[in-house]
Amino acid sequence: MKLILPRLPGLNEYISAERSNKHAAAGMKRQCEREIRLCIRAQWKGKVRFRRPVAMRYLWVEKNKRRDKDNIAFAKKFIQDSLVKEKVIQNDGWKEIDSWSDEFLVDAQHPRVEVEIKEINTCR
């Protein structure tokens with residue numbers, strides 16, 4: 001299953017919010033999760049639920065190369081917490097998320113985040 005999200009704040013933006021006001025970072029996380037949850041509802045309409053462990057593929061599409069990749073991928077926290085809150089995955093712990101990968105591209109016209117989630121075979 002694929003989920004397409006808007007460009008999300010990075011770690012540097014989150015740290016800056018944290019330092020500016022004790023409530024700003026929490027507000028930023030809440031706002032990001034609200035937007036992500038709306039995208040989940042609009043695109044998957046409550047029909048996507050994973051009961052087995054998943055592998056996740058993140059495609060981070062930026063408008064330019066200004067932000068460092070580790071800074072960009074920090075938003076994974078907001079995405080995974082939102083998936084739990086929408087009951088797409090049961091939790092975001094070791095048992096539920098087996099692995100993830102990150103890929104990065106530049107598209108000045110259409111920055112976004114694409115998240116692909118697949119159940120995996122747990123017989124190893």
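**Cysteines, rings and a covered helix**

Let's start with the cysteines: this predicted model has 0 disulfides, a disulfide being a pair of cysteine sulfur atoms within 2.5 Å. Cys 32 is in no disulfide, and the nearest cysteine sulfur, that of Cys 39, is 11 Å away. Seen from Cys 39, the closest cysteine sulfur is the one in Cys 32, and 11 Å is too far for a bond. A disulfide, after all, is a covalent bond between the sulfur atoms of two cysteines. Cys 32 is buried, with a relative accessible area of 5%, and Cys 39 is buried too, at 17%. Here buried means under 20% relative accessible area, exposed means over 50%, and partly exposed is in between, using a 1.4 Å probe and protein chains only.

A word on how to read all this: because the model is predicted, local features need pLDDT of at least 70 and side-chain atom pairs count only at pLDDT 80 or more, while totals for chains, interfaces and linings use all residues. Residues are numbered from 1 along each chain as its sequence is written, and side-chain values use heavy atoms, with hydrogens and water left out.

Now for the rings. Rings of Phe, Tyr and Trp (its six-membered ring) pair if their centres lie within 6.5 Å; planes under 30 degrees apart count as stacked, over 60 as edge-to-face and the rest as tilted. The count comes to 4 aromatic pairs. One of them joins Tyr 14 and Phe 74, a tilted pair with 5.3 Å from centre to centre and 45° between the planes. This pair links distant parts of the chain, 60 residues apart: Tyr 14 sits in helix H1 (residues 11-20), and Phe 74 in the loop between helix H3 (69-73) and H4. Helices (H or I, at least four residues) and strands (E, at least two) are DSSP runs, numbered from the N terminus. Tyr 14 counts as buried, at 17% relative accessibility. Together, Tyr 14, Phe 74 and Phe 78 form one aromatic cluster.

Tyr 58 and Trp 60 make a stacked pair, because their ring centres are 5.3 Å apart and their planes are at 10°. Tyr 58 is buried at 0% relative accessibility, and Trp 60 is buried at 2%. Lys 76 lies over the face of Tyr 58, at 5.3 Å from the ring centre; this calls for NZ of Lys or CZ of Arg within 6 Å of the ring centre and within 35 degrees of the ring normal.

That lysine brings us to helix H4. H4 (residues 76-85) is mostly covered, with 7 of its 10 residues buried, among them Lys 76, Phe 78 and Leu 83. After H4 comes Lys 87, whose phi is positive, near 65°.
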